[in-house]
Amino acid sequence: MELAYIPSPSRGVLYLGPIPLRGYAFCIIIGVFVAVWLGNRRWVARGGRAGTVADIAVWAVPFGLVGGRLYHVITDYELYFGDGRDWVNAFKVWEGGLGIWGAIALGALGAWIGARRRGVPMPAYADAVAPGIAFAQAIGRWGNWFNQELYGRETHVPWALHITSSADGRVPGYYHPTFLYESLWCVGVGLLVIWADRRFKLGHGRAFALYVAAYCVGRGWIEYMRVDDAHHFLGIRLNDWTALIVFLLAVTYIWVSSKKRPGRETEIERGASADGEGAGTEAGTETGEKAADADADDRAKARAQVTAGAKKAPESGDGDPQDTEPKGSGSKDTEPKGTGSKDTAPQDADPEDAGLKDGAGSAKKS
């Protein structure tokens, strides 16, 4: 009797009336939301605008689903075509069967289309969403648990997966939970990319290439443990060859890119700076506009003060002498004391100069 093991769900679908709720589909959907959420945070932190990642994901996700399904159907065509097979099942994505290689390839094509429409560089976008994709894979792998698929060789370790279904050639028993191994590996890959990106300021697609290379390393040994039917070439599973080739391409890209385009992009989206968050950039722009408006208002007030001072000076000196001079006075005794002395210097100062100084001081203070 086994004392410890990972139980498999009795079924992978629940029905809400006539509507089926499939665990596999829910894992895929949750993974997509996590990837978009984290990608948006990383994009904004690098100076992009909020919403850009989601807009491009509208193109990337459908392309990725189609690509993942195509890769699975092509590499496992015997499951859908041939005697006793129904080719319509090739369209039933909810029953499982998405190849990550095809998902990344066509998903990248969809992202490239969305990035061009949005006017952002594709490598910078790929760097922003790379760890989110790894976490999405980690969540999506639990869909295989709901379908009781993608397990490894038979084992009796405490964390063995208990397979209870006998459909599609399954043999009930205890097996290595390779879906769990890959899920944990993808979490580690996502954390590795986040750390390396902060430590080395990866740019121009190198963070995404690091994710690809690290994932391929784990996928290689996990694929070796699986016992489900697969095509072999020179005694090695096809997916192992794919992982090896993609790993070499990713490492080569990192090396060549670091030589030709070192550093990180200074601007990843028009009107946004890579030195601060997008929200902060927008707030800074708005604050700058308000400061410019306030400065313009101060200059206008200064000019108004100058004009008022210029008009007031003639009015005080050009009046009728009879109105200002006391009647019957023609002697010097009626002249105010201190006339012509230094005490009257402030009164003789040019009002226009005073207005300019007041306006300049107001503008400087603002």
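**Figure 1. Overview of the chain.** Of the chain's 366 residues, 38% count as buried (under 20% relative accessible area; exposed is over 50%, partly exposed lies in between; 1.4 Å probe, protein chains only). This is a predicted model: local features need pLDDT of at least 70, side-chain atom pairs count only at pLDDT 80 or more, and totals for chains, interfaces and linings use all residues. Residues are numbered from 1 along each chain as its sequence is written, and side-chain values use heavy atoms, with hydrogens and water left out. The secondary structure comes to 12 helices and 7 strands. Both are DSSP runs numbered from the N terminus (helices: H or I, at least four residues; strands: E, at least two). Take the contacts between residues at least 6 apart in sequence: 73% of them join residues at least 24 apart. Contact here means heavy atoms within 4.5 Å.

**Figure 2. Helix α3 against helix α7.** Helix α3 spans residues 100–118, and helix α7 spans residues 206–225. Their axes come within 13 Å and cross at roughly 170°. α3 is therefore roughly antiparallel to α7. Axes are lines fitted to C-alpha atoms, for helices over the stretch in contact, and angles run from 0 to 180 degrees between N-to-C directions. Angles under 35 degrees count as roughly parallel, over 145 as roughly antiparallel, 65 to 115 as roughly perpendicular, and the rest as oblique. From α3, Ile100, Trp101 and Ile104 take part in the contact. They meet Phe208, Tyr211, Tyr215, Cys216 and Arg219 in α7. The residues of this contact divide into 7 nonpolar, no polar and 1 charged. Ala, Val, Leu, Ile, Met, Phe, Trp, Tyr, Cys and Pro count as nonpolar; Asp, Glu, Lys and Arg as charged; the others, Gly among them, as polar.

**Figure 3. The surroundings of Trp101.** Trp101 is found in helix α3. Its relative accessibility is 12%, so Trp101 counts as buried. Leaving out residues up to four places away in sequence, Trp101 touches Tyr71, Tyr215, Cys216, Arg219, Asn239, Thr242, Ala243 and Val246. The side chain of Trp101 makes a polar contact with the side chain of Asn239, at 3.5 Å. A polar contact is a pair of N or O atoms within 3.5 Å; within protein, one must be able to donate a hydrogen and the other to accept it, and residues adjacent in sequence count only if both atoms are side-chain atoms. Trp101 and Ala243 are 142 residues apart in sequence. In space they are 8.7 Å apart, C-alpha to C-alpha.

**Figure 4. Glu223 and its partners.** Glu223 is found in helix α7. Glu223 is buried, with a relative accessible area of 0%. Its side chain makes a polar contact with the side chain of Arg237, at 3.0 Å. Not counting residues up to four places away in sequence, Glu223 touches Arg237, Asn239 and Asp240.

Figure 5. Strand β2 (residues 13–16) pairs with strand β3 (residues 19–22) in the antiparallel sense, over 4 bridges. Two strands pair if DSSP finds at least two bridges between them. Val13 stands opposite Arg22 in β3. Tyr15 stands opposite Pro20. The hairpin has 2 residues between the strands, and Gly17 takes a positive phi near 70°.

**Figure 6. The sheet of β1, β4 and β5.** This open sheet of 3 strands has the order β1-β4-β5, with mixed pairing. The edge strands are β1 (6–7) and β5 (173–175), each pairing on one side only. Strand β4 (residues 161–163) and β5 pair in the antiparallel sense over 3 bridges. Ile163 has Gly173 in β5 as its bridge partner.

Figure 7. Most residues other than glycine have a negative phi. Gln148 has a positive value, near 50°. Gln148 is found in the loop between α5 (142–146) and β4. Gln148 is buried, with a relative accessible area of 5%. Leu150 is found in the loop between α5 and β4. Its phi is positive, near 55°. At 18% relative accessibility, Leu150 counts as buried.
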